[in-house]
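I opened my notebook to look up a few things in this fold. Here is what I checked, entry by entry.

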Amino acid sequence: FWCTDATNTALRFSHGLGMPMVAKSDFSTGNQTHASYLLRSGDLNFLFSAAYSPSISLSSPSSTVSIPSFDTSTCCAFSASHGLSVRAIAVEVDDAEIAFTTSINHGAIPEFPPVLLDNRVKLSEVRLYGDVVLRYISHNNDSNSKHSFIFLPGFEPVSDSNPFSKSSPLDFGIRRLDHVAGNVHELSSVVKYLEKFIGFHEFAEFTADDVGTGESGLNSLALANNNET
């Protein structure tokens, strides 16, 4: 999620969803560009990021960012247009560089080229729909690399003394996402674009006759992978 106040937003979601805060990247960790706080429950991660003042961000070296694709001006414009909203949907893949190249070869629009973080993690991004990106993340072949840090390089564990940390009793049983829904202006063009590069197929369709009232209606298409998992 991108927002204008990562601290309060993350804490509200943590309390409301029972997802403890487990990691951070902010001033206290040397990040002078953005504040990011990670909530985790089971296999599900929610990351909330907000830009610091442009006067601070522009005067600090870009190497302080922990999310290399983060851009202060883009984040501010995104928040002005959408408010609190999802900027990136991240998936773990075998190789973020291969996933990026394969996606581009099948029609995806590039957003951020593959980059290697701390010689352990690859990250890349392609456009998903609107201002939302699909983020590919992969770990190197070292079996210990994935477990040698809590999230991405540049993130540090939240202190156990923090009431919203991993030691907090907050846990409502959320373990993973069943599906991700996105609202778009033109459904058919987005579906065709996604089908080309992610290889998903149409799984279900709902029209205004299925989800609608006398004053409103919803057209929706659900896409799934080959295993429909």
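**Entry: a nonpolar patch.** My rule for patches: the residues have over 30% relative accessible area and no salt bridge, with like charges joined within 9 Å and nonpolar side chains (Val, Leu, Ile, Met, Phe, Trp, Tyr) joined within 5 Å. Areas come from the Shrake-Rupley method with a 1.4 Å probe, and for residues only the protein chains shown count as cover. I looked up Val-211 and found it in the loop between β9 and β10. Val-211 is partly exposed, because its relative accessible area is 37% and the label covers what lies between buried (under 20%) and exposed (over 50%), with a 1.4 Å probe and protein chains only.

**Entry: ground rules.** I noted that this is a predicted model, where local features need pLDDT of at least 70 and side-chain atom pairs count only at pLDDT 80 or more, while totals for chains, interfaces and linings use all residues. Residues are numbered from 1 along each chain as its sequence is written, and side-chain values use heavy atoms, with hydrogens and water left out.

**Entry: a negative patch.** Next I found Glu-202, Glu-205, Asp-209 and Asp-210 forming a negative surface patch. Asp and Glu count as negative, Lys and Arg as positive, and His and the chain ends are not counted. I placed each charge at NZ of Lys, CZ of Arg, CG of Asp or CD of Glu. Asp-210 sits in the loop between β9 (201–206) and β10 (220–224), and Asp-210 is exposed, at 52% relative accessible area.

**Entry: the whole chain.** I counted five helices and 10 strands in the protein chain; these are DSSP runs numbered from the N terminus, helices being H or I with at least four residues and strands E with at least two. How much of the chain is buried? Of the 229 residues, 36% are.

**Entry: salt bridges.** How many salt bridges does the whole structure hold? My search found seven, each one a side-chain nitrogen of Lys or Arg within 4 Å of a carboxyl oxygen of Asp or Glu.

I looked at Asp-43 and Arg-176, whose closest N and O atoms are 3.6 Å apart. They are 133 residues apart, with Asp-43 in the loop between β2 (34–41) and β3 (44–51) and Arg-176 in the loop between β8 (156–157) and α5 (187–198). Both Asp-43 and Arg-176 are exposed.

Then I checked Glu-125 and Arg-135, which meet at 2.7 Å, N to O. Glu-125 is in strand β6 and Arg-135 in strand β7 (residues 132–139), 10 residues apart. Buried or exposed? Glu-125 counts as buried at 3% relative accessibility, and Arg-135 counts as buried at 10%.

**Entry: positive phi.** I remembered that most residues other than glycine have a negative phi. Asp-118 is not a glycine, yet has a positive phi of about 55°. I found Asp-118 in the loop between β5 (110–117) and β6, partly exposed at 48% relative accessibility. Asn-119 also has a positive phi of about 55° without being a glycine. Asn-119 is in the loop between β5 and β6, and counts as exposed at 60% relative accessibility.
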